[in-house]
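Thanks for coming. I will go through one protein chain today, a few residues at a time, and you can follow along on the screen.

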Amino acid sequence: MNELKWPNGYKSAAMFTFDLDGDTTWENGNRGMPNGEKYIKSLSVGQYGPKRAVDMILDKLEEYGVTATFFVPGLTAERYPEVVKKIAAAGHEVGHHGYAHERFVTKTVEEQIEIIDKTQDIFEKLLGKRATAFRTPSGDWSPETPRLLCDHGFSYSSSMRGDDRPYRTVIDGRATDFIEIPTKWELDDYVEMAYNMYPAEPAGQDRISCYRNVQDNFMREFEGCHRFGLCISFMFHPQVIGSPGRIRILDHLLKNITSREDVWVTTGEHVAQWFRKNY
Ligand SMILES: [Zn+2]
């Protein structure tokens, strides 16, 4: 499989995905610091996502008629149930993103199952259905994780980095129906623009990137993916992309990408279903 033949004559596919981590990532980071529980300012960096940024992002998605995928840790759904309900009510896909944004690679099989079930139960209670989409927090998973996800009925994951097309995940030497839709660091707003003084994010405290350059990076990645007929999966974080200044980057991408009639702008679930049927 080299060239994908996208449906309806589309030349490429584009997914807008948002990891609604909220304060979970900062909480996990603080835990490793002396007196970490006292550092509440960094938590508020994350809280900006559900508290303020989601509304701005939902407005933009509606303006351009785009259905997106939001990956949400169970703990964020417990803390901000109304926000997660609003995302689902607007027709967007809500995917599983761990419970407290755990690194699956550090967890036993039993612990991973507990995390998977706990968040699925929260989604079922809150939204009336379990997630079919999964993104591993921080992207890392243990050798057993794909099998667990497959066994627990997930349709696809968007966690890995090693391709720019969807593929069937190989489990125990067999290509399965569990689809991976990879994303990339260069499509991640966190890498481009996230910043905090203490704890240092990024470690070494580089400056915040120039917004014009970030927008240009993202557009170049899109243009390349489109030229080669691939699937681009932007990985944004409301707490990063949803500020009053940065939302213009999202606006620029949405405006340009949705104006191309030969791009399939859709959710991961639609890409996964189509891929499973055709490849
Ligand atoms: Zn995350």
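**His 237 and its surroundings**

Leaving aside residues within four places in sequence, His 237 is in contact with Asp 19, Asp 21, Asp 188, Asp 189, Tyr 190 and Gly 242. Before I go on, please note that this is a predicted model. Is His 237 buried or exposed? Its relative accessibility is 5%, so His 237 counts as buried.

Now to strand 8 itself. Strand 8 runs over residues 231-236, and Ser 233 is in it. Ser 233 has a relative accessibility of 1%, and because anything under 20% is called buried, Ser 233 is buried. Which residues does Ser 233 touch, if we do not count those up to four places away in sequence? They are Met 15, Thr 17, Arg 135, Ser 158, Pro 182, Thr 183 and Leu 187.

**Aromatic rings**

Next, the rings. How many aromatic pairs are there? The count comes to 16. One of them is formed by Phe 104 and Phe 134, with 5.5 Å from centre to centre and 75° between the planes, which makes the pair edge-to-face. This pair links distant parts of the chain, the two residues being 30 residues apart. Phe 104 is in the loop between strand 3 (93-96) and helix 5 (109-127), while Phe 134 is in strand 4, residues 133-134. Both Phe 104 and Phe 134 are buried.

Compare that with Phe 275 and Tyr 279. Why is this pair called stacked? The ring centres are 5.3 Å apart and the planes are at 20°, and planes under 30 degrees apart count as stacked, so the pair falls in that class. Phe 275 has a relative accessibility of 3% and counts as buried, whereas Tyr 279, with a relative accessible area of 29%, is partly exposed. Phe 275 and Tyr 279 also belong to one aromatic cluster, together with Trp 6, Tyr 10, Trp 264 and Trp 274.

Lys 118 lies over the face of Tyr 99, 3.9 Å from the ring centre. Arg 161 does this with Trp 185, at 4.2 Å from the ring centre.

Tyr 39, Met 197 and Tyr 198 make a nonpolar surface patch of about 300 Å². Met 197 is in the loop between helix 7 (189-193) and helix 8 (211-227).

**Salt bridges**

Now the charged pairs. How many salt bridges does the structure hold? There are 17. One of them is between the side chains of Lys 184 and Asp 164, at 3.9 Å from N to O. What does this pair tie together? Lys 184 lies in the loop between strand 7 (174-180) and helix 7, and Asp 164 lies in the loop between strand 5 (156-157) and strand 6 (167-171), so the bridge ties together parts that are 20 residues apart in sequence. Asp 164 is partly exposed, with a relative accessible area of 27%.

Arg 168 and Asp 177 also meet through their side chains in a salt bridge, with an N to O distance of 2.6 Å. Arg 168 has a relative accessible area of 21% and is partly exposed. Asp 177 is partly exposed too, at 48%.

Arg 260 is partly exposed, with a relative accessible area of 34%, and Asp 262 counts as partly exposed at 27%. Elsewhere, salt bridges that share partners join Lys 60, Glu 63, Asp 251 and Lys 255 into one network.

**Back to Asp 177**

Is Lys 277 buried or exposed? Its relative accessibility is 75%, so Lys 277 counts as exposed. In sequence, Lys 277 and Asp 177 are 100 residues apart. In space, their C-alpha atoms are 9.4 Å apart.

That is the end of my part.

Terms used:
Residues numbered from 1 in each chain as written. Predicted model: local features only at pLDDT ≥ 70, side-chain atom pairs only at ≥ 80, totals over all residues. Heavy atoms only, no water. Phe/Tyr/Trp six-rings, centres within 6.5 Å; stacked < 30°, edge-to-face > 60°. Helix = DSSP H or I, 4+ residues; strand = E, 2+ residues; numbered from the N terminus. Buried < 20%, exposed > 50% of the residue type's maximum accessible area, 1.4 Å probe, protein only. Lys NZ or Arg CZ within 6 Å of the ring centre and 35° of its normal. Patch = residues over 30% accessible without salt bridge, like charges linked within 9 Å, V, L, I, M, F, W, Y side chains within 5 Å. Areas by Shrake-Rupley, 256 points an atom, 1.4 Å probe, with all protein chains shown as cover. Salt bridge = Lys/Arg side-chain N within 4 Å of Asp/Glu carboxyl O. Contact = heavy atoms within 4.5 Å.
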